[in-house]
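Look at the structure first, then read on.

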Amino acid sequence: MKKKFIVANWKSNKTSVQAKEWIEEVSNFNPSAPIKSGSAGGQILNDPKEIIICPSFTDLSLLKQIIVDKGLPFKLGAQSVSQFSSGAYTGEINAAQLKEFCQYVLIGHSERRTHFAETDDIIQKKVIRAKEAGLKPIVCVQNATTPIPREVLIVAYEPLGAIGTGQPDTPENADTIAKAIKEKFAVAVLYGGSVTKENVAQFTQKVAIDGVLVGGASLVASDFSAIITHA
Ligand code: PGA
């Protein structure tokens with residue numbers, strides 16, 4: 001059995017009121033209930049799933065509180081992190097601050113590269129800051145040749161043309177790219193780009209793909225619940 005990562009990237013969406021409604025709806029659905037697939041020792045089991053929610057910074061505290069209070073089977077991740085440690089960097093949120101709320105952090109999403117001029121050098125610095133604070137970086141790459149900092153254990157392959165377009169990569173090509181990445185780096189590889197409840201299983205069934213990074217379809221609680229089930 002391989003561990004599957006199912007990551008929700010909310011991007012710049014949801015007020016705290018909307019975040020609370022979403023997590024209540026998804027938790028009522030109860031993804032911790034054993035969803036039956038596969039079998040081991042006569043007992044029916046499914047692959048372990050690590051479900052990671054990456055909301056805006058402003059929703060992290062509330063979501064952490066709800067997860068702890070209700071004992072929900074979710075982890076939290078941030079969508080970015082400062083390349084600097086604490087200090088005179090107005091507007092930045094550093095890795096030690098995030099560690100109070102999250103276990104994971106997305107680094108190098110293509111939207112960060114495009115709209116916020118993040119370079120491979122900045123991404124490397126962010127990975128180092130995250131690791132220093134004990135956060136697990138999930139580094140986004142656009143193809144098999146995007147540089148991956150050595151310290152990284154989880155990579156998300158997200159081809160540019162597939163993000164938010166409704167035109168995902170083919171599962172076969174995503175699997176080929178995931179294999180190519182794994183030949184160079186000992187990492188888990190997720191696929192991201194127009195993942196839906198309808199197509200998620202086609203990706204997670206591929207040998208080299210360890211999970212999915214979901215943008216648009218993660219915003220709707222019922223859709224994300226279905227993605228958890230089908231992954
Ligand atoms: P999408 O976004 O699922 O809306 O295509 C994925 C992402 O940008 O991480």
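A polar contact is a pair of N or O atoms within 3.5 Å; within protein, one must be able to donate a hydrogen and the other to accept it, and residues adjacent in sequence count only if both atoms are side-chain atoms. The model is predicted, so local features need pLDDT of at least 70 and side-chain atom pairs count only at pLDDT 80 or more, while totals for chains, interfaces and linings use all residues. Residues are numbered from 1 along each chain as its sequence is written, and side-chain values use heavy atoms, with hydrogens and water left out.

| Residue | Part of the residue | Distance |
|---|---|---|
| G164 | backbone N or O atom | 2.6 Å |
| S194 | polar backbone atom | 2.7 Å |
| N9 | N or O atom in the side chain | 3.4 Å |

The protein covers 95% of the 280 Å² of accessible area that the ligand has on its own (Shrake-Rupley method, 1.4 Å probe; for residues, only the protein chains shown count as cover).

Helices are DSSP runs of H or I with at least four residues, numbered from the N terminus. Helix α1 (residues 16–29) packs against helix α2 (residues 57–70) at an angle of about 30 degrees, and their axes are 9 Å apart. Axes are lines fitted to C-alpha atoms over the stretch in contact, and angles run from 0 to 180 degrees between N-to-C directions. Therefore α1 is roughly parallel to α2, a term for angles under 35 degrees.

Note on methods
Helix = DSSP H or I, 4+ residues; strand = E, 2+ residues; numbered from the N terminus. Parallel < 35°, antiparallel > 145°, perpendicular 65-115°, else oblique.
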